[in-house]
Amino acid sequence: MLQVSREPRSERISCLNWPGPFPYRPEVSFVISHSEEALHLLFRVREQAVRAVCAADREPVWEDSCVEFFFAPREDGLYYNLECSCSGKLYLCRGAGRHGRESLPEAAYAGIARRPSLGAQAFGLREGETAWELALDIPASTFGLDTFSGLQARGNFYKCGDRLPVPHYLSWAPVGTPKPDFHRPEYFDTIVFD
């Protein structure tokens with residue numbers, strides 16, 4: 001369970017769920033807090049190479065150096081996947097499972113403030129150990145909410161890089177599937193907002 005308050009709290013994304021085919025574990029953490037109207041996330045990453053090929057939102061950011069937040073704010077079977085590259089490019093959808101997901105409207109993308117430490121432009125692949133940060137301010141309205149205060153939800157946080165020299169797949173809460181699959185809400189953990 002994750003308790004989220006107005007005071008920033010740090011957590012690690014370090015579950016290596018598929019160590020056989022994907023043994024690499026970059027250093028990944030996030031700092032989380034909330035206000036009435038917004039969720040504040042600061043991802044911190046150190047990895048052996050960094051990739052930023054996506055030049056716009058809605059591109060396959062999971063192929064770049066990517067951090068992700070999957071979030072089910074209600075018990076209606078729907079969850080949101082918010083995926084963001086190291087250059088701040090977003091992929092944001094909602095749905096009940098991996099298939100048939102609905103991309104959120106442009107206003108939802110525009111409403112999320114993004115501050116990538118490596119800049120907002122695509123730069124390709126950079127070999128060598130690199131540390132980077134990504135700060136996100138996500139309005140409650142992105143998830144169809146009026147406020148985060150008092151909310152009990154479920155979710156997970158991830159780090160991936162499908163097209164990096166060493167592909168990797170880490171999670172905050174363990175995922176018990178035989179191969180990498182982040183679209184598994186049954187493995188989300190509880191997130192409580194005070």
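The structure, a predicted model, holds 19 aromatic pairs. Rings of Phe, Tyr and Trp (its six-membered ring) pair if their centres lie within 6.5 Å; planes under 30 degrees apart count as stacked, over 60 as edge-to-face and the rest as tilted.

In one of these pairs, the rings of phenylalanine 71 and phenylalanine 143 have centres 4.8 Å apart and planes at 65 degrees, so the pair is edge-to-face. Phenylalanine 71 belongs to strand E6 (residues 66–72) and phenylalanine 143 to the loop between strand E11 (124–139) and strand E12 (152–160), so the pair ties together parts that are 72 residues apart in sequence. Strands are DSSP runs (E, at least two residues), numbered from the N terminus. Both phenylalanine 71 and phenylalanine 143 are buried, that is, under 20% relative accessible area (1.4 Å probe, protein chains only).

Phenylalanine 157 and tryptophan 172 form another edge-to-face pair, with 5.6 Å from centre to centre and 90 degrees between the planes. Phenylalanine 157 and tryptophan 172 are likewise buried.

The criterion is NZ of Lys or CZ of Arg within 6 Å of the ring centre and within 35 degrees of the ring normal.

| Charged residue | Ring | Distance to ring centre |
|---|---|---|
| arginine 101 | tyrosine 79 | 4.1 Å |
| arginine 126 | phenylalanine 123 | 3.8 Å |

Residues are numbered from 1 along each chain as its sequence is written, and side-chain values use heavy atoms, leaving out hydrogens and water. Because the model is predicted, local features need pLDDT of at least 70 and side-chain atom pairs count only at pLDDT 80 or more, while totals for chains, interfaces and linings use all residues.

Technical notes:
Helix = DSSP H or I, 4+ residues; strand = E, 2+ residues; numbered from the N terminus. Buried < 20%, exposed > 50% of the residue type's maximum accessible area, 1.4 Å probe, protein only.
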